[in-house]
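This report looks at how charged side chains pair in one protein model. The sequence and structure come first, and the text then follows individual pairs.

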Amino acid sequence: MKSSLRTVRLALAEPLRISRSTMAARDAVWLTVEHDGLRGHGEAVTSVYYGLGTETLVRLLTAVDLSRFADPESALEALRAGELFPDDAPPMVTAAVESALLDLAGKRAGVPVHRLLGTDATPVAATARTIGITAPAHAAAEARRLAARGFEIVKVKAGAPDPEDDIERVRVIRDAAPRARLLLDPNGAWSVAQADALLPRFADLGVEAVEQPLAPGDPEALAALAQRAPLPVIADEDAVGLEDVRRLAGRVHGVNVKLAKCGGAHAALRIAEAVEGSGTALMLGCLTASTLGLAPAVHLADRARWADLDGHLLLAHDPWTGIGGADGVVRASGLPGLGVEEVAARADVA
């Protein structure tokens, strides 16, 4: 097998403000693995939070030697056995390589990736759509637009300097989209005292669940909050990998599994097995990325209570197609592999 890399700039349709930053664009590195005339693709995106820039991702992906494997199936076997990467390999790199191998293996077998992952029926899920920290009038207009397009779930970013701004944003979104299910995500912006004071008010506004209300690094505090909170608490930044999830299983109401955070589809399946029967449900989340980056998670969408797979919908131009989502529903393709296709080549692809 041989592999190649490309880098592309992914611009957002509008800047996304969360409690710790504002993002207008990010770089993506595309990995293509070729064997016997077929190609598999994967994507890794830069992340300030995880300390992964473009040069670092390119260096790490370049160091992955897939030429020593006879086919993608043997490389996937090595990956599952923990023999493909060093122990300190970033999960985002592991996930991108696994994506390309799964895509190629599915095409070789003539089956979609979800079949390789143990699901016969094509996964379909209603996805949340994110509204960032923004002015109430803009948030209300966005909520009305999303409801008109068919979105059933709206995820509202919180953690503004004045918590009353968050309350007002949720209130106007609730008024603008009264039938929508609302999720709240402060990205770890609150203290324990703030969470105790604010969560009852958000529950009164009909918020269904809250992600990572407390600063990451103290999972015991998050678990204790979950036991007394008036609405379900989902761990995100405190639930990076399998061991984190095992410590929180049965103690929080949900864990947000992002393939770029945990290491890929097979790592996500191990997490799903670890929480099964514990009372902790799965959320499938994502980073802002293209359809290529989100596709592997969509092939797992049937495993989750909540799907937050809208990263490609935040882009000004998505360079790949194949998982839907514009109507509020993401769908794994029935085509072999990931079932995604690249849109016409862009001038900003390097």
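Does Asp-36 count as buried or exposed? At 64% relative accessibility, Asp-36 counts as exposed, where buried means under 20% relative accessible area, exposed over 50% and partly exposed in between, computed with a 1.4 Å probe on protein chains only.

The model is predicted, so local features need pLDDT of at least 70 and side-chain atom pairs count only at pLDDT 80 or more, while totals for chains, interfaces and linings use all residues. Residues are numbered from 1 along each chain as its sequence is written, and side-chain values use heavy atoms, with hydrogens and water left out.

The structure holds 27 salt bridges, a salt bridge being a side-chain nitrogen of Lys or Arg within 4 Å of a carboxyl oxygen of Asp or Glu. Three of them are listed here.

| Pair | N to O distance |
|---|---|
| Asp-36 and Arg-108 | 3.7 Å |
| Asp-103 and Lys-107 | 3.3 Å |
| Asp-166 and Arg-169 | 3.0 Å |

Arg-108 counts as partly exposed, at 33% relative accessibility.

Asp-103 and Lys-107 are four residues apart in helix H3, and therefore separated by about one helical turn. Asp-103 counts as buried at 1% relative accessibility, whereas Lys-107, at 26%, counts as partly exposed.

In helix H6 (residues 163–176), Asp-166 and Arg-169 are three residues apart, again about one helical turn, and both residues are buried. Elsewhere, salt bridges that share partners join Lys-155, Lys-157, Asp-185, Glu-211 and Asp-308 into one network.

How values were computed
Helices (H or I, at least four residues) and strands (E, at least two) are DSSP runs, numbered from the N terminus.
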